[in-house]
Amino acid sequence: MYPSSSSATDWWIYIVTPCLVAVTITYYFCISTFNKWEKLNVPYIKPIPLFGNFLKVALAKDHPLEFYDKIYYKFSGLKYGGLFQMRTPYLMVRDPEIINNMLIKDFSSFPNRGIYSDLAANPLSDNLFFMENPRWKTIRSKLTPAFTSGKLKIMYDQIKECGDKLMKNIDNDLKGKNDEIEVRDIMGKYSTDVIGTCAFGLKLNSISDDESPFRKYGKSIFIPSLRTLFRELCLMVSPALLKVVRVKDFPTDATAFFNAAFKETITYRLENKIVRNDFVNCLMQARNDLTLNTNLPKHERFSESQIVANAFVMFAAGFETTSTTLSYCLYELALNIHIQDKVRQEIQLKLSKSDGQIDNEFLMGLNYLDMVIAETLRKYPPLIALFRKASQTYRLPDNLILEKGQKIVIPIYSIHFDSKYFEDPLKFNPERFSSEERAKRPNCVYLPFGDGPRTCIGKRFAELEMKLALVEMLTKFEVLPCGKTEVPLKYSNKALTLMPKHGIWLRFKKIV
């Protein structure tokens with residue numbers, strides 16, 4: 001039996017037409033931003049609906065570094081080009097002079113990262129990393145005093161104590177076992193103890209305690225997951241979508257733990273009138289000046305949760321980036337024994353001149369080790385790209401005008417591997433960071449910590465911590481490849497950083 005013409009018309013009006021309208025609206029939404037670069041006459045990579053150029057990353061088939069790398073070389077010979085991360089148009093900047101202008105000279109036009117988080121669902125993300133000007137500048141000025149040269153000297157003995165525990169832990173791992181060690185885990189325990197002791201005055205003992213809650217929850221926030229990737233995809237479709245799906249930046253139990261732990265630390269110090277020259281002390285002073293100060297206008301005040309959020313970001317960044325860089329450094333030294341021997345020779349020569357005393361001044365004088373760490377950070381930068389957002393209309397040198405709100409991506413990893421700036425870039429070669437070689441390169445082609453006013457606040461602290469650990473280990477052990485050492489390393493596609501998929505396994509051989 002066939003439907004009557006009347007019922008067929010009703011079926012078309014009430015079912016088919018709304019579906020067609022919905023599909024049309026959805027399709028338009030998916031492509032509505034894709035005329036951006038064509039209108040500005042900017043070279044760009046042709047996008048596909050909704051996914052833009054980001055499909056393989058969205059499906060976890062490519063790591064983001066592969067995505068940026070492919071586009072970087074497609075724009076070879078150009079100063080910049082357009083791309084689409086899902087629906088969001090980004091300008092990839094390749095030219096060192098323009099990068100230098102954006103990060104340093106014209107910083108006032110690009111003070112913000114343009115990285116969004118739903119702060120109602122993620123209060124711990126309301127921190128120095130995510131904050132925009134002027135609040136970012138306000139809190140940065142309060143926290144910077146925690147990392148002066150004088151404060152670093154005071155921290156040295158505490159870092160040394162953690163280094164001694166590290167060596168005992170390596171010895172314990174080698175007793176009764178084979179000599180193969182997963183170094184990211186052991187370096188993570190060391191850096192967790194250092195940041196806990198020096199910045200927060202907490203005796204965490206993560207190095208010897210596998211059940212340490214700080215280590216347990218600290219690891220959990222960096223474990224690659226589809227949740228993290230899904231969150232980023234929602235953000236690139238539309239920031240408003242994050243408020244609908246309310247994806248957490250970090251696991252709920254980890255958020256609750258760190259929120260309680262840092263509040264308790266501050267409360268304990270206040271109640272017991274404890275004053276230490278460390279990061280928590282700076283946070284407490286910031287709390288007095290920015291939260292409890294009733295003379296400040298309401299819009300300039302910081303909340304208690306923002307103070308805690310800045311404690312969290314310093315702890316998280318302090319252990320993860322340092323431990324990962326240390327692990328990659330050991331990996332490269334194991335694969336390049338002649339470089340490892342040269343580092344050890346420098347250390348032994350300096351020790352012979354300092355009566356065997358290792359102190360802050362001793363570490364500052366290890367120039368070749370500085371070069372080794374710099375080369376490690378070139379090959380394995382903590383962030384594979386920097387992001388910025390134009391805070392006002394900005395004119396590029398060739399008169400291209402960027403509108404307020406335009407997002408910028410600076411592909412750090414790709415620039416670090418560009419043979420135009422670093423000859424034979426796959427080779428691990430510390431000599432490229434001699435003073436003579438540095439002088440040959442333009443500014444802003446080496447950006448492991450960023451550059452300009454928003455450069456990493458804990459850079460010198462991290463370098464001191466890494467140098468001490470490397471001196472301790474390399475004077476007592478030869479570090480060698482083992483059967484589980486992966487060459488080349490594979491990275492997890494679920495992580496937005498360089499996270500080794502199968503860990504970093506090396507062999508430790510005692511030096512007699």
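Okay, a definition to start: a nonpolar core here is a set of buried Ala, Val, Leu, Ile, Met, Phe, Trp, Tyr and Cys residues joined through side-chain atoms within 4.5 Å. Buried means under 20% relative accessible area, with exposed over 50% and partly exposed in between, using a 1.4 Å probe and protein chains only.

Quick housekeeping: this is a predicted model, where local features need pLDDT of at least 70, side-chain atom pairs count only at pLDDT 80 or more, and totals for chains, interfaces and linings use all residues. Residues are numbered from 1 along each chain as its sequence is written, and side-chain values use heavy atoms, leaving out hydrogens and water.

So, the core. The largest nonpolar core holds 146 residues, and the members touching the most others are Ile-170, Phe-200, Met-473 and Phe-508. The biggest contribution to this core, 15 residues, comes from helix H14, residues 304-335. Helices and strands, by the way, are DSSP runs numbered from the N terminus: H or I with at least four residues for helices, E with at least two for strands.

Who does Ile-170 touch? Skipping neighbours within four places in sequence, Ile-170 is in contact with Ile-181, Ile-186, Met-473, Phe-477 and Phe-508; contact means heavy atoms within 4.5 Å.

Now helix H7, residues 149-174. Its 26 residues reach 36 Å from first C-alpha to last, close to the 38 Å expected at 1.5 Å a residue; that expected span is 1.5 Å times one less than the number of residues. H7 does bend, by about 40° at Met-155, where the bend is the angle between axes fitted to the seven residues ending there and the seven starting there.

On to the sheets. Two strands pair if DSSP finds at least two bridges between them.

S8 and S9 (residues 505-510) are joined by 4 bridges, and Val-479 has Phe-508 in S9 as its bridge partner. S3 and S9 share 3 bridges, with Glu-182 opposite Trp-505.

The other open sheet has 4 strands, ordered S1-S2-S7-S4, with mixed pairing. Here S1 and S4 (386-389) are the edge strands, and the twist averages 30° from one strand to the next. Helix H4 (residues 64-74) packs on this sheet, touching S1, S2, S4 and S7, and its direction makes about 145° with that of S1.

What about S2, residues 88-93? 6 of its 6 residues are buried, so S2 is largely enclosed by the rest of the structure. Thr-88, Tyr-90 and Met-92 are buried on one side, and Pro-89, Leu-91 and Val-93 on the other. In a regular strand the side chains alternate between the two faces of the sheet.

S2 pairs antiparallel with S1 (residues 80-85) through 6 bridges, Phe-84 standing opposite Pro-89. Those two strands form a hairpin with 2 residues between them, and Met-86 in the turn has a positive phi of about 55°. With S7 (residues 407-410), S2 runs parallel over 3 bridges, and Met-92 partners Val-409.

Definitions and conventions. Axes are lines fitted to C-alpha atoms, for helices over the stretch in contact, and angles run from 0 to 180 degrees between N-to-C directions.
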